[in-house]
2 protein chains.
Amino acid sequence: MKKIILLILDGLGDRPLDSLGGKTPLQAARKKNLNALSSMGMVGLLDPISPGIRPGSDTAHLSLLGYDPFKVYTGRGPFEALGLGMELKPGDIAFRGNFATVDDQMRVIDRRAGRIESGTDELAKSLNMEIDGVEIMVKEGVEHRAGVVFRGEGLSPDVTDVDPHEEGRRVLESKPIKPEAKRTAEIVNKFIVKSYEILDNHPVNMKRRKEGKKPANIIMLRGAGIVPEIENFNKKYNLKGACIVGVPLLSGLCRLAGMDVLKVPGVTGTVNTNMENKIRYAIDALRDYDFILINIKATDVAGHDGNGNLKKEIIERIDGAVAPLLENLDRVTLMVTGDHSTPCSVKDHTGDPLPVMVVTEGIRRDGIDQFDEISAARGSLRIRGSDVMNILMNYSERAEKFGA
Amino acid sequence: MKKIILLILDGLGDRPLDSLGGKTPLQAARKKNLNALSSMGMVGLLDPISPGIRPGSDTAHLSLLGYDPFKVYTGRGPFEALGLGMELKPGDIAFRGNFATVDDQMRVIDRRAGRIESGTDELAKSLNMEIDGVEIMVKEGVEHRAGVVFRGEGLSPDVTDVDPHEEGRRVLESKPIKPEAKRTAEIVNKFIVKSYEILDNHPVNMKRRKEGKKPANIIMLRGAGIVPEIENFNKKYNLKGACIVGVPLLSGLCRLAGMDVLKVPGVTGTVNTNMENKIRYAIDALRDYDFILINIKATDVAGHDGNGNLKKEIIERIDGAVAPLLENLDRVTLMVTGDHSTPCSVKDHTGDPLPVMVVTEGIRRDGIDQFDEISAARGSLRIRGSDVMNILMNYSERAEKFGA
């Protein structure tokens with residue numbers, strides 16, 4: 001039985017770039033270690049969800065870990081709250097919130113409270129409360145954004161948004177979409193009123209008014225979703241799993257699946273992340289764990305920036321960082337792939353397939369000695385995210401036989 | 001409209017072997033006929049169920065014949081009973097049984113009755129009976145193993161095992177897992193007591209005691225499963241189907257699907273099987289049938305033995321045996337593949353994909369003139385078991401158009 005490392009280079013897939021002579025960043029990069037690994041294993045193309053589907057990092061990772069995102073992805077509320085580092089429990093109702101400016105008639109003056117840049121941490125803290133036995137937690141996000149979580153008995157996500165999505169209109173009353181959501185809608189409405197009472201005179205807003213800025217004197221909720229009950233990853237696969245990821249959305253998602261989240265010094269989720277440390281820590285952690293998911297976000301960041309040269313350089317740094325994996329192939333089943341393509345020419349996620357390799361002792365070698373989008377198409381794998389865990393379980397000698 | 005031959009080389013797929021210079025048995029084998037067939041058709045890789053899933057022969061064959069094994073595979077009881085050659089009907093409840101030794105307090109002394117080697121046929125025969133209108137059939141298997149089938153109205157597979165799985169403990173009472181299984185559990189418990197009454201004084205056990213051997217004086221049941229209602233193969237595809245297979249598990253499965261089972265002299269399910277006869281009989285049988293499934297088990301046997309040279313030799317014998325197929329391509333649509341990989345390095349089934357070819361007059365030729373795991377990856381097929389019958393129906397001009 002082997003240990004498993006699943007190395008996800010976030011947003012890895014790309015398209016040809018003029019600035020790289022018509023090559024993708026992966027094609028253009030010097031990457032002797034990734035090529036060496038590729039030549040020792042089975043290579044091919046992966047569709048994280050299914051061909052053409054444009055995945056988020058969240059839905060893609062769910063799929064790669066063997067969960068059907070069409071079943072467990074319950075909307076942006078819960079997954080954005082996870083992304084803010086909020087600790088969620090199955091059954092919690094999570095909303096996307098935004099701090100806004102309203103007049104004393106509750107008419108929206110600015111949906112983004114002048115794109116408020118500081119002080120939202122204090123505002124958020126002042127809104128943690130309990131209403132009718134429901135615990136409400138608020139966490140600030142970027143600019144005017146926030147996550148809001150309701151925890152308690154008998155809650156439902158089937159309530160309408162209070163954000164009118166238009167300035168000049170009054171904040172809406174939340175209404176139940178289904179009868180069982182009546183109580184949740186009432187609590188939303190009480191919370192909105194309370195938020196105005198608390199925020200309108202909050203010192204942060206006193207100061208903003210003095211500086212001629214719009215006060216963030218209400219929080220509006222939308223995108224309610226229930227935190228899904230996700231089958232425990234360790235039980236599902238009978239192994240002990242951990243993740244090494246820099247992005248709160250992904251660590252939250254792995255935690256929700258019951259995996260341990262390993263803290264590694266220097267891991268930031270930016271282009272300057274210490275990727276060498278991630279790989280070294282993962283190898284060390286194999287003492288205690290059977291399965292390690294590593295996510296390196298930097299490739300995706302470069303893709304969103306549309307910076308092909310940066311993406312190429314990051315891939316070259318990753319190539320250096322993966323060297324220790326080559327020395328551990330006697331005890332590790334390794335998969336290297338991405339969660340989605342983020343082509344520099346698009347600056348956003350696309351549904352293009354990704355190169356993927358599986359390397360383990362004794363596996364068939366299909367002779368693909370260049371690890372890139374085009375070479376991979378000549379390999380033997382043509383798989384979907386939902387196949388990934390089955391393949392890793394098979395090659396690590398952990399799969400149970402189905403039948404006789 | 002063409003006739004169809006589906007030739008399954010059991011456990012065909014393999015991994016590189018040092019003893020074969022880093023080649024798989026299929027790569028290493030001289031196989032001019034298989035290569036010639038390959039060069040005349042479309043080639044690629046097949047996942048019998050889905051990538052990475054480790055199939056049994058039973059679940060794989062179900063999938064290749066167009067049945068969803070996740071729906072129709074109801075557990076080991078029914079399929080092991082089929083493997084013993086028992087005639088099953090949909091709705092029958094089948095158990096895995098084992099002859100064991102108990103003391104007069106029903107405490108298990110030996111779960112395997114001293115690995116009893118003979119006489120179980122007589123013991124099994126003595127246990128055929130009727131209890132409360134339910135017909136009970138027992139058939140001996142290898143050593144202490146047996147199949148037990150309940151046939152009657154209102155039976156349910158949702159009962160607990162009586163085998164305590166531990167020596168020194170008393171035989172358990174079977175309990176209903178669901179209320180509707182109450183009667184079945186009662187019959188199981190009555191049958192266990194009866195089995196003790198009959199077996200304890202059975203001449204076979206008298207003799208065993210005299211010889212100082214442990215008596216096989218009870219039969220314990222576990223792994224209850226209902227025999228599934230499988231859609232009739234001939235109706236499903238509007239053709240007349242038959243199989244030529246040496247293994248009772250597979251002939252039973254084909255019979256359950258409503259196919260005829262053809263008896264061919266010299267067919268044994270071992271490495272010495274007369275594979276030349278199988279091919280010749282299949283071609284003859286095309287007079288009476290539209291579809292013939294041929295399974296050659298020998299490749300799998302060599303894989304389980306971990307004998308790469310033997311597997312290579314068997315493939316070379318198969319290559320000779322398939323020669324007559326080359327002369328019948330004007331009237332036959334042929335697929336050659338396996339049901340799962342049985343790599344000699346693993347000695348068991350794995351979830352690795354298999355090479356597959358479809359050959360018929362006029363089909364596109366994708367130029368793969370070597371039929372092996374690595375060359376096939378460069379071909380045009382990347383299919384799953386569930387695609388096989390659709391592809392065969394298409395190329396044999398039997399498929400109905402879906403839509404206008």
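Predicted model: local features only at pLDDT ≥ 70, side-chain atom pairs only at ≥ 80, totals over all residues.
Where the domains touch, six residues come from domain 1 of chain A and six residues from domain 2 of chain A. On the domain 1 side, helix α10 of chain A (residues 248–256) gives the most, with five residues. By class, that side has four nonpolar residues, one polar residue and one charged residue.

Within chain A, a pair of helices deserves attention. Helix α12 (residues 298–305) and helix α13 (residues 308–321) of chain A have axes that come within 8 Å and cross at roughly 170°. Angles over 145 degrees count as roughly antiparallel, and α12(A) and α13(A) are therefore roughly antiparallel to each other. From α12(A), the contact is made by A:A298, A:T299, A:A302, A:G303 and A:D305, and from α13(A) by A:L310, A:K311, A:I314 and A:I315. This contact of α12(A) with α13(A) has five nonpolar, two polar and two charged residues.

A residue counts as buried if 20 or more other C-beta atoms lie within 10 Å of its own. Eight of the eight residues of α5(B) are buried, so this helix is largely enclosed by the rest of the structure. The buried residues are B:R76, B:G77, B:P78, B:F79, B:E80, B:A81, B:L82 and B:G83. They pack against α3 (57–64), β3 (93–102), β7 (145–151), β8 (218–226) and α10 (248–256) of chain B. After α5(B) comes B:G85, which has a positive phi, near 85°.

Most residues other than glycine have a negative phi. In chain A, A:D132 is not a glycine, yet its phi is positive, about 50°. A:D132 lies in the loop between β5 (129–131) and β6 (134–140) of chain A. In chain B, B:D132 also is a residue other than glycine with a positive phi, near 45°. The place of B:D132 is the loop between β5 (129–131) and β6 (134–140) of chain B. Are these residues buried or exposed? A:D132 is exposed, with 9 other C-beta atoms within 10 Å, and B:D132 is exposed, with 9 other C-beta atoms within 10 Å as well.

The two chains can now be considered together.

How are the copies related? Chain A is superposed on chain B by a rotation of 125° with 0.3 Å of shift along its axis, with an RMSD of 0.2 Å. The two copies are thus related as by a three-fold rotation axis. A:R378 is the residue of chain A that comes closest to the rotation axis, at 3.5 Å (C-alpha). Only 10% of the interface residues of chain A are also interface residues in chain B, so the copies meet through different surfaces.

How values were computed:
Residues numbered from 1 in each chain as written. Chains lettered and ligands numbered in written order. Axes fitted to C-alpha atoms, helices over the stretch in contact; angles between N-to-C directions. Helix = DSSP H or I, 4+ residues; strand = E, 2+ residues; numbered from the N terminus. Parallel < 35°, antiparallel > 145°, perpendicular 65-115°, else oblique. Contact = placed C-beta atoms within 7 Å. Nonpolar A, V, L, I, M, F, W, Y, C, P; charged D, E, K, R; others polar. Least-squares fit on C-alpha atoms with pLDDT ≥ 70 in both. Buried ≥ 20, exposed ≤ 12 C-beta atoms within 10 Å, placed from the backbone.
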